[in-house]
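Please read the following briefing alongside the sequence and the coordinates.

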Amino acid sequence: MPTTLDFPRDAATRTIPAGPRPLPQACKLCGTAYPASASATCEECLGPLEPVYPAHRPLPDAATIASRAPSLWRYREWLPFEGEPVVSLDSGFTPLVASPVLARRLGVARVWVKNDAVSHPSLSFKDRVVATGLNAAIGLGCDTVGCASTGNLANAVAAQAARAGIPAWIFIPHDLEVGKVIGTAVYGSRLVRVRGNYDDVNRLCSQAADRYGWGLVNINLRGYYGEGSKTMAFEIAEQLGWRLPTAVVAPMAGGSLLTKLEKGFREFAGAGLVSGAAPRLYGAQAAGCSPIVNLVERGGDTIDPVVPATIARSIAIGNPADGRFAASAIRGSGGWAAAVSDDALIAGIRLLAESTGVFAETAGGTTVAAALALAASGRFNPDDEVVLCITGNGLKTVEALQGSLPDAPLIAPRIRELEALHGRDV
Amino acid sequence: MAVTFSLPTVLARLADGQTTIQAAGGTLGDVVADIAGRFPRLAPRLRDAAGGPYPFVTYYLNDEDIRFQSGFATPVNEGDEITIVAAIAGG
């Protein structure tokens, strides 16, 4: 397989509209303020930057939001821009699927699956963060975008950059699942496979962003990119009828999603849009890469990095940037975290598919398996209403299920052979 | 031991604009101390009040995260390359 591809011939000639104005940023640790820029690191303490929203900006009511187009931009007042977005206008607003079977398995009142496995355009929740990251790149004048990725982000950047006509450099570990490699290369981006794991790829990209001034969405645009994750919380609240669930379970890689779920629920509560207490947040990781679960369990505020060893590659980040913030959000919400084996996450994929009709990738299997583990350890109440965040599509990681599903019988096109099978199954 | 120390742009302004610095020392901690002495404004960005690396900063000795080695006590060899990278985001 080639490691690089030429850009589409017309990519450089397309007209990219002027973007929205990204908001200024401030350091999440020391509070130092910065003007809007393609930078995610505080010059004073090297902490992460995040956007600063105007304190008294006008906010819409529920009816106004509900009247808008069904995309993540219906919540644009909580996204980090002044002015209208210009690309990726139709991502978000994925289904919230009730699962009575899973509710019985978890021993709770209700379970819903937030199904970002069918996110547009690239079948993972990364479409949300790329939508905001790409608009930030355009607004800041970046002429090239890109990312370091475990696969889903690569798919999302490649797809959305291709549609926007922006050149993209995408860096992935050398051993990603075939579906994620093909699902990136097909869009014509400059795809580079790097010898090493995701942490190695990310290190290279940090240096590349520094050297070339590219807009790497999860590196130097991370403050703007991460805000897109909040829309998963906004949608859950709206789809439940403007109320909050009592518990949410989500997979953890870099840890950002957990922190943004907490922020999203908090922002909607602060705006008076929802009823109910803030949900307890639960994090899920594979046992072969569980630095955030380890931190939740032992306490403290410093991640001990690990070398990933799991088939759940999309969440195999051994040195998670937002790990301490995710652990803090989890503990602060009254939630907890669980790590599950690769066998358990495969069983989780199958259970979700067989019970709910949703085919998740390995991260989704991890989430379901962790929910089962948390239920078994008494973390849920019988009256809980639980949302499981399914962040990616199982068709991207079919390798994980090889050998774990029964072989389909092969028969001749004769009715007696079918009758033999039917009788045997009955 | 003479080594090469690479800084991200966000720190280079505190080292007279240099993104690559030649430094010396027997351990990574010695190298950091050498640079801290030569660039006092950079010093508090390289190590915290207790003398260790900040949690949001990863030091790589060649291609290895020093937290998988001996931290600032990790020995360095002639010609080694040390890189500082801010914490790693999801992907």
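**Sheet in chain A**

In this predicted model, chain A contains an open sheet of 6 strands with mixed pairing, in the order β6-β7-β15-β12-β13-β14. Strands (E, at least two residues) and helices (H or I, at least four) are DSSP runs numbered from the N terminus, and two strands pair if DSSP finds at least two bridges between them. The edges are formed by β6 (96–98) and β14 (337–340) of chain A, each of which has a single partner strand, so one side of each is left without a neighbour in the sheet. Neighbouring strands of the sheet are turned by 25° against each other on average, direction ignored; the angles are taken between axes fitted to C-alpha atoms, on a scale from 0 to 180 degrees between N-to-C directions.

Residues are numbered from 1 along each chain as its sequence is written, while chains are lettered from A and ligands numbered from 1 in the order in which they are written. Because the model is predicted, local features need pLDDT of at least 70 and side-chain atom pairs count only at pLDDT 80 or more, whereas totals for chains, interfaces and linings use all residues.

**Strand pairing within the sheet**

- Strand β15 (residues 385–390) of chain A has 6 of its 6 residues buried, so it is largely enclosed by the rest of the structure. A residue is buried if 20 or more other C-beta atoms lie within 10 Å of its own, exposed if 12 or fewer, and partly exposed in between, with C-beta atoms placed from the backbone.
- In a regular strand the side chains alternate between the two faces of the sheet. Both faces of β15(A) are covered, with A:E385, A:V387 and A:C389 buried on one side and A:V386, A:L388 and A:I390 buried on the other.
- Strand β7 (residues 110–115) of chain A runs parallel to β15(A) and is joined to it by 6 bridges; A:V113 stands opposite A:L388.
- Strand β12 (residues 247–251) of chain A also pairs with β15(A) in the parallel sense, over 3 bridges, and A:V248 has A:V387 as its bridge partner.
- Strand β13 (residues 280–286) of chain A is joined to β14(A) by 4 bridges, and the two run parallel. The bridge partner of A:A286 in β14(A) is A:V340.

**Chain A as a whole**

- Chain A has 14 helices and 15 strands.
- The radius of gyration of chain A is 21 Å, close to the 22 Å that the globule rule gives for 426 residues, so chain A is as compact as a globular protein of that length. The radius is taken over C-alpha atoms, and the rule is 2.2 Å times the number of residues to the power 0.38.
- Along the principal axes, the C-alpha atoms of chain A fill a box of roughly 70 × 50 × 45 Å.
- Of the 426 residues of chain A, 56% count as buried.

**Backbone features in chain A**

- Most residues other than glycine have a negative phi, and most peptide bonds are trans.
- The peptide bond from A:H120 to A:P121 is cis, with omega near 5°; A:P121 lies in the loop between β7 and α3 (126–139) of chain A.
- A:S88 has a positive phi, near 55°, and is found in the loop between β5 (81–82) and β6 of chain A. A:S88 is buried, with 28 other C-beta atoms within 10 Å.

**Strand β3 of chain B**

- B:T58 belongs to strand β3 (residues 57–61) of chain B and is buried, with 23 other C-beta atoms within 10 Å.
- Of the 5 residues of β3(B), 4 are buried.
- β3(B) runs antiparallel to strand β5 (residues 81–86) of chain B, with 5 bridges between them; B:T58 has B:V85 as its bridge partner.
- β3(B) also pairs with strand β4 (residues 64–65) of chain B in the antiparallel sense, over 2 bridges, where B:L61 is the partner of B:E64.
- The hairpin of β3(B) and β4(B) has 2 residues between the strands, and B:N62 takes a positive phi near 55° there. B:N62 is exposed, with 12 other C-beta atoms within 10 Å.

**Contact and confidence**

- The contact takes 30 residues from chain A and 20 residues from chain B, two residues being in contact if their C-beta atoms, placed from the backbone, lie within 7 Å.
- α6(A) gives the most to the side of chain A that touches chain B, with 7 residues.
- The model scores ipTM 0.86 and pTM 0.93.
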